[in-house]
Structure formats: structure tokens, C-alpha cells
Amino acid sequence: MSGPIVCSAKYLPLEQRVSAADKAIHLNPANRPQAEMLAQVFPSFTPTRERIAALTTKFWHSGKVALTVSFLDIEDQTLRARILQHMNAWDASANVSFTESLKGGQVRIATASGSGYWSYIGTDIFSVPADQPTMNLESFSMDIPESEYHRVVRHETGHTMGFVHEHMRQALVDLIDPEKAYQFFLETQGWNKLMVDQQVLTPIEESSMMGTSTPDEDSIMCYQIPGTITKNGEPILGGLDIDPTDYAFAAKLYPK
Ligand SMILES: [Zn+2]
């Protein structure tokens, strides 16, 4: 592997997605996809439970979101504190808190090498087996530059708060090799071509269905794309820190 590591948001195995969607709607009824959205996506046929599950968001209930965090393979207390500090950067605008729990945390962080950077999305973390991580920060140590804590820890924490990737602008989509993207997302996410078209290859200008009403191209939640699927071999790093639009969106979802 060469160059900076980019995130691939983690999705539950297919057979768990319907029950995880039910869980998300139970925890926050606003996660249920709206009828207008379903009509837009499935104009000519009845949506199945699987299709509804795919459109269900995974936000926590509004109000205080207080999650406990355990570190599965980090002994260094200084490193634990540094990661927690960046997770809690979201607290500047939103009513969220991440506090360490020596074991059995709701958020479970590992640093497995070869696994990359990822987190499950929002309430999906409750469907991950208790002995498994919900977030991986490959090889994170005190030697990692501060900028990577901003770019990676805050981004993965955004996923844990229920945020998915923002769509990219046209100029960035143009850098992606579609065939390589279909292969990559099939292997890493189990996505079919239609899903990759919708989630990755549709630029901001054409995408108004999901997420915020005005997509933010500097968002910390912008897609991060590995060099293996770009035409020029360079990765797309996306946003480098929580920006004002991210803070405003987080504050609206989880008001203080
Ligand atoms: Zn991500």
C-alpha cells in the first residue's frame, strides 16, 4: 500500500441490514425513509424491506448522545486521551460526548494493520458483536501527525454519529475510473453497480436526495477515494477537518 490511507465506511453484512434498520427506527423514528423519497427511488414497484433498510438513516436520537468508548488494543493512556479529545471535537457545536470505559464500550476502537480506516454508521454499532471493533484506526500512534488526527479520527467519529459520505463534486468524480470503482466497492462494501453509481459516481450537482440540502464539498465527511481506483493513481483525501457546515449540521441533529 502506498500513500495516505483513506476511509471506507463499514456496512453490516446483508443479512443483518433489515434488523439493524428496525433498530435505527426504534432508536430514532426520524430514521425511517420518507414516503417522497421511496416514491422517487421506487416509482414503479413496491419497496421491499431490504430496499427500505438500504434507505434508512442511522442517526442517534436527538438530544444528548453520550457514548462510551473502549480501546481494544491500545495500552498507552496518552494515546487513548488524544484520540478521545479529537472524537470530542464535535462537542464544540453538538450535544455529543465520548467517554472512556475500560471495557465493554459502545464504541470499540482497534488499530489493526492492513484493515485501514473505517467505522460503522451510527446506530449500526449496536449490531456489531461485542468482542469486535466498531472503528479501526490502522496503526495509529503518538507518532502520527496531528493533521491525521483531524482528518481521520474526526471523520470516523462522524460515521459513528451517523454521518455518511458527502457526494463529490464533478471534477473529483471525473478522476475516478468507473470500472475499478465498481470492482472496489463490490469487494469492500458488497455494492452493485447501481449503488456505486448513486453513492460514488453521482456528483453533488445531481444529488439532492440524501443528506444535507446543500452538499458541502469541504466537509470532513467528503468521500475519501483510494489511489487504486483513480485514473491518475492519486488518492482523493476529502475534507481535512470539521468545517462550519459540518458543525452546523451536527448541531441541528444533536442540539445542545
Ligand atoms: Zn468515511
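A: The outward side comes first. On the face of helix α7 turned away from its buried side sit the exposed residues Glu 179 and Glu 187. Helices are DSSP runs of H or I, at least four residues long, and strands are runs of E, at least two long, both numbered from the N terminus.

This is a predicted model: local features need pLDDT of at least 70, side-chain atom pairs count only at pLDDT 80 or more, and totals for chains, interfaces and linings use all residues. Residues are numbered from 1 along each chain as its sequence is written.

Now the length. Helix α7 covers residues 178-189. Its 12 residues should span 16 Å at 1.5 Å a residue, and the end C-alpha atoms are 15 Å apart, which agrees. The expected span is 1.5 Å times one less than the number of residues.

Turn to the inner side. Ala 181, Phe 184 and Phe 185 are the buried residues of α7. Seen down the helix axis, they fall within an arc of 90°, so they line one face of α7. That arc is taken over the directions from the helix axis to the C-beta atoms. An α-helix has 3.6 residues a turn, so residues three or four places apart point the same way.

What lies over this face? The cover of the buried residues of α7 includes α8 (193-199). Contact means C-beta atoms, placed from the backbone, within 7 Å.

Ala 181 also has a place in the largest nonpolar core, which has 47 residues. Ala 181 is among those with the most contacts inside that core, along with Ile 109, Leu 137 and Ala 250. Such a core is a set of buried Ala, Val, Leu, Ile, Met, Phe, Trp, Tyr and Cys residues joined through C-beta atoms within 7 Å. In soluble globular proteins, nonpolar side chains tend to be buried together.

Leaving aside neighbours within four places in sequence, Leu 137 is in contact with Ile 109, Thr 111, Tyr 117, Val 152, Val 153 and Glu 156. A second, separate core of 5 residues includes Leu 12, Ala 20, Ala 21 and Ala 53.

Gly 190 follows α7, and its phi is positive, near 75°.

Definitions and conventions:
Buried ≥ 20, exposed ≤ 12 C-beta atoms within 10 Å, placed from the backbone. Contact = placed C-beta atoms within 7 Å.
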